[in-house]
Amino acid sequence: MKTKDTNAVNLCLLSGLLLWLCHNKQCDKQAMFPGGDPAFLEFLKANFKIPKKAASMLNADLKVTIGFIVEKDGAITNLHYVSGDKILLDEAMRATLLMPPWIPGEVDGARVRAYCTLPYTFRTVVRSVTIYL
C-alpha cells in the first residue's frame, strides 16, 4: 500500500457582521449594498477572483481595504486604496466597480453622499490529504 500526500489550498472569504463601514456619522441611514450582507457575500463569491499569486501563498491572511464614495444615486465614485496587501488591490478595485448601485445614505429622509471603506479579507488554508493506494 502506497501513501500519497497532496496539499489542497482553499481560499476562504472571511466575513464579519459588518462587511463595510460608512463614515458619515450624521447619517440617519447609512449607505449599504442592496440586499445587505447576504447579497454582498453572494456578489463576491460570483465576481471576486483570487489572484494567482495570492492563491499560491500558503496559510496566509490577506487583507486590502479600499475607500469610495456612494453618491446620492447609489453610484460608486472616488475608488482608492486605503491600506493592506496590494496583492489583492487590482481585483478588489475591479470587483467593486462591478457592483450594482448601492442604497445611498440618508439624513432627514434626503439622500446624501457617503464615504465608505470596504475591507476584502481572505485566508488561504492548506489541508493535507493522505490517499492510500
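Helices (H or I, at least four residues) and strands (E, at least two) are DSSP runs, numbered from the N terminus. This is a predicted model: local features need pLDDT of at least 70, side-chain atom pairs count only at pLDDT 80 or more, and totals for chains, interfaces and linings use all residues. Residues are numbered from 1 along each chain as its sequence is written, and side-chain values use heavy atoms, with hydrogens and water left out.

**View 1. The protein chain has three helices and seven strands.** From the N terminus on, the order of elements is β-β-α-α-β-β-α-β-β-β. Of the 133 residues, 35% count as buried. Buried means under 20% relative accessible area, exposed over 50%, and partly exposed in between (1.4 Å probe, protein chains only). The protein chain exposes about 7900 Å², and carbon and sulfur atoms supply 56% of that area. Accessible areas come from the Shrake-Rupley method with a 1.4 Å probe; for residues, only the protein chains shown count as cover. Contact means heavy atoms within 4.5 Å. Among contacts between residues at least 6 apart in sequence, 75% join residues at least 24 apart.

**View 2. β3 and β4 form a hairpin with five residues between them.** Six bridges join β3 to strand β4 (residues 76-84), and the two run antiparallel. Strands pair if DSSP finds at least two bridges between them. Val70 stands opposite Ile76 in β4. In the turn, Gly74 has a positive phi of about 90°. β3 is mostly covered, with eight of its ten residues buried.

**View 3. Lys63 and Thr65 both lie in strand β3.** Lys63 is partly exposed, because its relative accessible area is 41%. Thr65 counts as buried, because its relative accessibility is 10%. Leaving out residues up to four places away in sequence, Lys63 touches Ser83, Gly84, Asp85, Leu88, Pro119, Tyr120 and Thr121. On the same terms, Thr65 touches Tyr81, Val82, Ser83, Thr117, Leu118 and Pro119. Lys63 and Leu88 are 25 residues apart in sequence, yet 7.4 Å apart in space, C-alpha to C-alpha.

**View 4. Ring pairs link Phe33, Phe40, Phe43, Phe68 and Trp102 into a cluster.** Rings of Phe, Tyr and Trp (its six-membered ring) pair if their centres lie within 6.5 Å; planes under 30 degrees apart count as stacked, over 60 as edge-to-face and the rest as tilted. The structure holds five aromatic pairs. Phe33 and Phe40 are edge-to-face, because their ring centres are 5.4 Å apart and their planes stand at 75°. Both Phe33 and Phe40 are buried. Phe33 and Phe43 form a tilted pair, 5.7 Å centre to centre with 55° between the planes. This pair links distant parts of the chain: Phe33 is in the loop between β2 (21-22) and α1 (36-47), and Phe43 is in helix α1, ten residues apart. Phe43 is buried, as is Phe33.

**View 5. The largest nonpolar core has 26 residues.** Such a core is a set of buried Ala, Val, Leu, Ile, Met, Phe, Trp, Tyr and Cys residues joined through side-chain atoms within 4.5 Å. Phe48, Met99, Trp102 and Tyr120 have the most contacts inside it. The elements giving two or more residues to this core are α1, β3, α3 (89-98) and β7 (114-132). Beyond residues up to four places away in sequence, Phe48 touches Phe43, Leu88, Glu91, Ala92, Arg94, Ala95, Tyr120 and Phe122.
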